[in-house]
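Subject: A structure for you to look at

Hello,

Here is the structure I promised to pass on to you. Please open it and keep it in view while you read my notes.

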Amino acid sequence: MSVEIRRLHPGDDALVMRVADDVFDEPVRPDRLAAYLAAPGHFMIVAIVDQTVVGQCAAVVHRHPDKVSELYIDEIGVAPPFQRQGIARKMLDAMFEIGRAEGCEEAWVGTEPDNGPARALYEARKEPHGKAEDFVMYVYRLRD
């Protein structure tokens, strides 16, 4: 099986219209994808097998006036038949390279405490600060 790891740019929208089940949480809307890819500091990596997207990794650069710039890994998804084959790791590596190129000094990602596969992926990294931290998150609905 040949897997292509590819960074998406504005205009690459059509590549994500053929996507395997469970790569994204919801169906991809072309208008949202186009806006995402056009937004400065927003990045997406996809994994493609036989012209079908089987994985995705999305991230945003956060720049702060008082701290180092950081890459927030917003989401990683791989279709179940393609999991545990190193695809998520390759996408994460590619995203870290983008973060470095963008001047980020740190990257961070979060997951649910019971998400064993995600935690195994993140904890397998040999980064000096690649350890889980206690974290509390609040979600506010801004629209009904």
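A word on the source before we start. This is a predicted model, in which local features need pLDDT of at least 70 and side-chain atom pairs count only at pLDDT 80 or more, while totals for chains, interfaces and linings use all residues. Residues are numbered from 1 along each chain as its sequence is written, and side-chain values use heavy atoms, with hydrogens and water left out.

**The second largest pocket**

Rolling a probe the size of a water molecule over the atoms shows where empty space is left. On a 1 Å grid over the protein atoms alone, a pocket is an open set of points where a 1.4 Å probe fits, with protein on both sides within 12 Å along at least five of seven lines. The second largest pocket has a volume of about 380 Å³ (the space filled by probe spheres set on the points, which are joined across faces, edges and corners). It is lined by 14 residues, and those closest to its centre are F24, P27, V28, R32 and E75. A residue counts as lining if it has an atom within 4 Å of a point.

Which elements supply at least two residues each of this lining? They are α1 (30–38), β3 (52–62) and β4 (70–78), and α1 gives the largest share, three residues. Helices (H or I, at least four residues) and strands (E, at least two) are DSSP runs, numbered from the N terminus. By class, the lining has seven nonpolar, one polar and six charged residues. Here Ala, Val, Leu, Ile, Met, Phe, Trp, Tyr, Cys and Pro count as nonpolar, Asp, Glu, Lys and Arg as charged, and the others, Gly among them, as polar.

**Salt bridges**

A salt bridge is a side-chain nitrogen of Lys or Arg within 4 Å of a carboxyl oxygen of Asp or Glu. The whole structure has six of them, and here are some to find.

- E102 pairs with R63, with 3.4 Å between the closest N and O atoms. This pair links distant parts of the chain, 39 residues apart: E102 is in the loop between α2 (87–101) and β5 (106–109), and R63 is in the loop between β3 and β4.
- R100 meets E97 at 2.8 Å, N to O. Both lie in helix α2, three residues apart, about one turn of the helix.
- R119 pairs with E123, the closest N and O atoms being 3.4 Å apart. These two are about one helical turn from each other because they sit four residues apart in helix α3.

Are these side chains buried or exposed? Buried means under 20% relative accessible area, exposed over 50%, and partly exposed in between (1.4 Å probe, protein chains only). E102 has 30%, so it is partly exposed. R100 at 46% is partly exposed, as are R119 at 31% and E123 at 46%.

**A nonpolar patch**

On the surface, W108, F135, M137 and V139 form a nonpolar patch with about 490 Å² of accessible area together. Patches are made of residues with over 30% relative accessible area and no salt bridge; like charges are joined within 9 Å, and nonpolar side chains (Val, Leu, Ile, Met, Phe, Trp, Tyr) within 5 Å. The areas come from the Shrake-Rupley method with a 1.4 Å probe, and for residues only the protein chains shown count as cover. F135, in the segment after α3 (116–123), is exposed because its relative accessibility is 60%.

**Two backbone angles**

Most residues other than glycine have a negative phi. Q51 has a positive phi, near 65°, and lies in the loop between β2 (42–49) and β3. R84 also has a positive phi, near 65°; its place is in the loop between β4 and α2. Q51 is exposed at 65%, and R84 is exposed at 73%.

In helix α1 you will find A35 and D31. For D31 and D13, 18 residues apart along the chain, the C-alpha separation is 9.1 Å.

Enjoy exploring it!
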